Amino acid sequence: MSFAGKTVLVTGAQQGIGRAMALGFAAAGADIAINWLDDAAAAEAVAAGVRGLGRRALLIRGDVGKLDDIAAMVAATVEGLGGLDVLVNNAGVFPRVPFLEMTEADWDFVVDINLKGSAFAAQAAAKAMVAAGRPGAVINLSSQSVRGHHLGIHYSATKNGVVGLTRSMALALAPHGIRVNAIAPGLTDTAQPRYGHDEAELAAMAKTVPLGRMGQPEDIANLAVFLASPAASYVTGQVYHINGGSHMA
């Protein structure tokens with residue numbers, strides 16, 4: 001699966017799954033636009049990794065919860081790397097809050113980034129692809145939390161929303177040759193599950209997974225590379241659960 005001559009924009013790429021996405025696509029031959037928000041050193045390290053693989057890296061700071069930042073991010077990618085072929089909607093937040101204590105601000109913060117940000121980043125990317133006459137792909141990140149989470153009512157709502165968004169965008173963009181799919185990771189070895197859990201608790205959680213381990217960010221990235229590649233040219237509007245068997249849909 002070669003992405004030589006292709007450009008991939010990864011949102012929230014400074015760490016975790018986003019970092020693995022950037023490096024995975026770079027290893028496949030793509031140039032990478034690395035969106036980051038609040039850790040310049042981590043973002044620079046990802047860029048160094050991309051360049052170490054012989055690919056170009058463009059760092060773009062921006063908040064996907066702000067439409068102006070999204071527009072600037074896509075424009076910078078097209079200008080700086082010569083086009084856009086794949087968008088990975090990875091940026092997301094999961095602040096834990098009990099439902100009975102959740103405020104409007106809590107809700108808006110999560111929805112703006114996880115759902116609105118994904119929708120309008122895909123719209124901006126698709127407009128750039130259509131304007132350039134380039135078919136492409138969008139990979140959205142959902143979550144195993146589509147099943148529900150007692151401390152993530154807002155988060156679960158957005159990740160279920162991403163599923164509907166993916167299917168609807170796939171229909172809307174198919175005439176333009178743009179495929180849209182989603183990945184729903186389960187327990188994955190990133191900073192996210194460490195909020196509220198120590199390493200012993202994480203190890204115990206991993207033992208409940210049928211395959212006996214937490215997922216690695218690279219597991220998610222490998223699937224994304226496949227879905228964006230010509231090998232998946234007849235795949236669109238689908239949601240792939242990747243969780244070691246802990247949830248079968």
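**α3 and α4**

I began with helix α3 (residues 67–81) and helix α4 (residues 104–132), whose axes come within 9 Å and cross at roughly 35°; axes here are lines fitted to C-alpha atoms, for helices over the stretch in contact, and angles run from 0 to 180 degrees between N-to-C directions. This is a predicted model, in which local features need pLDDT of at least 70 and side-chain atom pairs count only at pLDDT 80 or more, while totals for chains, interfaces and linings use all residues. I note also that residues are numbered from 1 along each chain as its sequence is written, and that side-chain values use heavy atoms, with hydrogens and water left out. Helices (H or I, at least four residues) and strands (E, at least two) are DSSP runs, numbered from the N terminus.

I recorded the crossing of α3 and α4 as right-handed, the term for a near helix turned clockwise from the far one by less than a right angle, anticlockwise being left-handed. Listing contacts (heavy atoms within 4.5 Å), I found Leu67, Ile70, Val74 and Val78 of α3 meeting Lys116, Gly117, Phe120, Ala121, Ala124, Ala125 and Ala128 of α4. By class, these residues divide into nine nonpolar, one polar and one charged; Ala, Val, Leu, Ile, Met, Phe, Trp, Tyr, Cys and Pro count as nonpolar, Asp, Glu, Lys and Arg as charged, and the others, Gly among them, as polar.

**α4 and α5**

I then followed α4 to helix α5 (residues 153–173), where the axes come within 9 Å and cross at roughly 15°. The two helices are therefore roughly parallel, given that angles under 35 degrees count as roughly parallel, over 145 as roughly antiparallel, 65 to 115 as roughly perpendicular and the rest as oblique. The α4 side of the contact includes Trp107, Val110 and Leu115, and the α5 side includes Tyr155, Val162 and Leu165; the residues of the contact divide into 13 nonpolar, five polar and two charged.

**α1 and α7**

Helix α1 (residues 16–27) and helix α7 (residues 217–228) have axes that come within 8 Å and cross at roughly 50°, so I put the pair down as oblique. Among the residues in contact are Ile17, Met21 and Phe25 from α1, and Ile220, Ala224 and Val225 from α7.

**The sheet**

I traced an open sheet of seven strands in the order β3-β2-β1-β4-β5-β6-β7, with parallel pairing; two strands pair if DSSP finds at least two bridges between them. Its edge strands, each pairing on one side only, are β3 (57–61) and β7 (239–242). Strand β2 (residues 31–36) pairs with β3 over five bridges, and Ile32 stands opposite Ala57 in β3. Helix α3 packs on this sheet, touching β1 (7–10), β2 and β3, and its direction makes about 160° with that of β3.

**Aromatic pairs**

Rings of Phe, Tyr and Trp (its six-membered ring) pair if their centres lie within 6.5 Å, with planes under 30 degrees apart counted as stacked, over 60 as edge-to-face and the rest as tilted; I found two such pairs in the structure. One of them, Phe3 with Phe25, is edge-to-face, at 5.2 Å centre to centre and 85° between the planes. Phe3 lies in the segment before β1 and Phe25 in helix α1, so the pair ties together parts that are 22 residues apart in sequence.
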